[in-house]
Amino acid sequence: MEKTVEDPPTSAVLLDHCHFSQVIFNSVEKFYIPEVDVTCHYTFTQPFIPRRKDWIGIFRVGWKTTHEYYTFMWVNLPIDLNNESAKQQEVQFKAYYLPKDDEYYQFCYVDQDGVVRGASIPFQFRPENEEDILVVTTQGEVEEIQQHNKELCKENQELKDSCVSLQKQNSDMQAELQKKQEELETLRSINKKLERKLKEQDDYWETELLQLKEQNQKMSSENKKMEIRVDQLQAQLSTQEKEMEKLVQGDQEKTEQLEHLKKENDHLFLSLTEQRKDQKKLEQTVEEMKQNETTAMKKQQELMEPRSKKAALTVEELLEQSLECLKANIEACLSEKCKECQGLHKLIRQPRAAVLDENFDLLRRLSENKTICNVLQREKERSEGENDVSQESSSPSPLSIKKCPICKADGICDHILEQQQMQALCLNCPICGKTFPTREKQIFEDHVFCHSL
């Protein structure tokens with residue numbers, strides 16, 4: 001058996017899983033002569049591709065696994081498998097390593113995975129049968145044959161030497177070829193890695209391209225939406241411009257109304273001035289009436305005489321006419337001013353402080369006038385009571401009987417007049433009649449303003 005540094009790859013694969021038709025052995029003899037080198041011829045089929053660790057072994061017929069080889073030789077890898085001549089290969093087994101018995105053997109092609117890819121017909125290693133050959137020679141021929149055998153032995157020795165040299169060259173060439181094959185495998189692996197990287201790069205760029213296309217579509221749709229939004233905003237802007245023009249026009253109208261209200265305010269201020277003048281005249285008249293009443297009281301106390309029915313009726317008529325005239329004037333003025341104030345509150349949502357102060361001052365004065373009217377009314381009732389008493393009996397009038405709670409004086413004294421003046425200085429609501437001190441003027445103004453809402 002051939003002893004090598006590296007054993008061939010084998011396996012325990014069953015014969016049922018082998019493919020004997022992928023490598024075909026050609027020109028296999030029925031028997032080979034011992035002590036002679038044997039050349040094995042084989043052919044690769046189309047789908048089969050040889051690899052670096054493939055080998056051809058000589059197996060005894062009846063083998064079970066590829067571990068049972070007798071001897072083997074590494075196969076020679078062809079450079080170009082597409083070439084038809086490259087598929088015809090051969091390998092030579094040395095005579096020294098061949099079997100010595102006469103058992104039946106066969107060639108088997110085993111790949112680097114230990115799988116059998118082809119098997120030959122059985123053959124034997126035996127010499128030719130000498131009984132079947134009759135040789136008739138002479139002495140001269142024998143000498144020639146011996147001389148020829150010597151020459152053949154010499155040539156055989158030379159051939160053996162050259163064969164050893166060729167085997168060495170062949171082994172060197174196989175080592176170099178194996179090195180080249182390893183380099184080729186390395187280059188193939190590098191090429192596969194580069195192809196894989198290139199494919200990954202292509203996939204990456206395709207993904208990027210798809211993402212850019214999607215982004216482009218999104219941007220296009222967003223641009224369309226933005227165009228629609230711009231159109232909507234332009235429409236809204238035009239609508240707002242129209243509304244702004246309307247607001248400017250309304251502002252101009254309100255400005256004109258404000259100017260008109262200012263004019264009416266000035267007119268109201270003039271009318272308030274005239275009413276103040278009338279009020280001063282009315283106050284003078286009331287003062288004169290008070291003086292006349294005081295003079296009449298004094299005369300009554302001096303004379304202590306009962307009044308006649310005619311005189312009492314004259315004074316009563318006079319007081320009644322003055323009170324009715326004063327009340328009519330006050331009510332008419334109050335009604336007119338209330339209407340003007342209500343009109344101003346409807347036209348102006350935010351009333352001016354100056355106009356409010358003047359209106360509140362007018363209301364306060366009207367309240368004072370109303371208080372004075374109430375005093376005159378009480379005096380009138382008191383006079384009517386005195387007339388009734390004078391008609392029934394000659395007892396003194398209530399004016400003369402009324403005494404001041406401070407000085408105990410009969411009639412109207414300074415204390416009573418001061419009390420009446422203090423009552424006149426209080427702020428009375430002209431609508432509900434509620435009284436406020438003068439120090440609470442702001443509260444009184446807010447109270448009156450609430451009635452106008």
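Me: What counts as a helix or a strand here, and how many of them does the protein have?
Reply: Helices are DSSP runs of H or I with at least four residues, and strands are E runs of at least two. In this predicted model, the protein has six helices and eleven strands.

Me: What makes the pair of Tyr-42 and Tyr-109 tilted?
Reply: Happy to walk through that one! The ring centres of Tyr-42 and Tyr-109 are 6.0 Å apart, and a pair needs them within 6.5 Å. Their planes stand at 55°, neither under 30 degrees (stacked) nor over 60 (edge-to-face), so the pair is tilted. Tyr-42 belongs to strand β3 and Tyr-109 to strand β7, 67 residues apart. Both of these tyrosines are buried.

Me: Why is the pair of Tyr-69 and Phe-72 called edge-to-face?
Reply: Here the planes of Tyr-69 and Phe-72 meet at 85°, which is over 60, so the pair is edge-to-face. Their ring centres lie 5.7 Å apart.

Me: How do you know whether Tyr-69 and Phe-72 are buried or exposed?
Reply: Buried means under 20% relative accessible area. Tyr-69 has 13%, so Tyr-69 is buried. Phe-72 has 1%, so Phe-72 is buried too.

Me: What makes Arg-126 a charge over the ring of Phe-31?
Reply: The charged end of Arg-126 is 4.2 Å from the ring centre of Phe-31, and the distance cut-off is 6 Å. Likewise, Lys-53 lies over the face of Trp-74, at 5.5 Å from the ring centre.

Me: Which residues have pLDDT under 50?
Reply: Among them are residues 131–135 and residues 389–402. Where pLDDT is low, predicted coordinates should not be read in detail.

Definitions and conventions
Residues are numbered from 1 along each chain as its sequence is written. This is a predicted model: local features need pLDDT of at least 70, side-chain atom pairs count only at pLDDT 80 or more; totals for chains, interfaces and linings use all residues. Side-chain values use heavy atoms; hydrogens and water are left out. pLDDT is the predictor's confidence in each residue, from 0 to 100. Contact means heavy atoms within 4.5 Å. Buried means under 20% relative accessible area, exposed over 50%, partly exposed in between (1.4 Å probe, protein chains only). A charge sits over a ring if NZ of Lys or CZ of Arg is within 6 Å of the ring centre and within 35 degrees of the ring normal.
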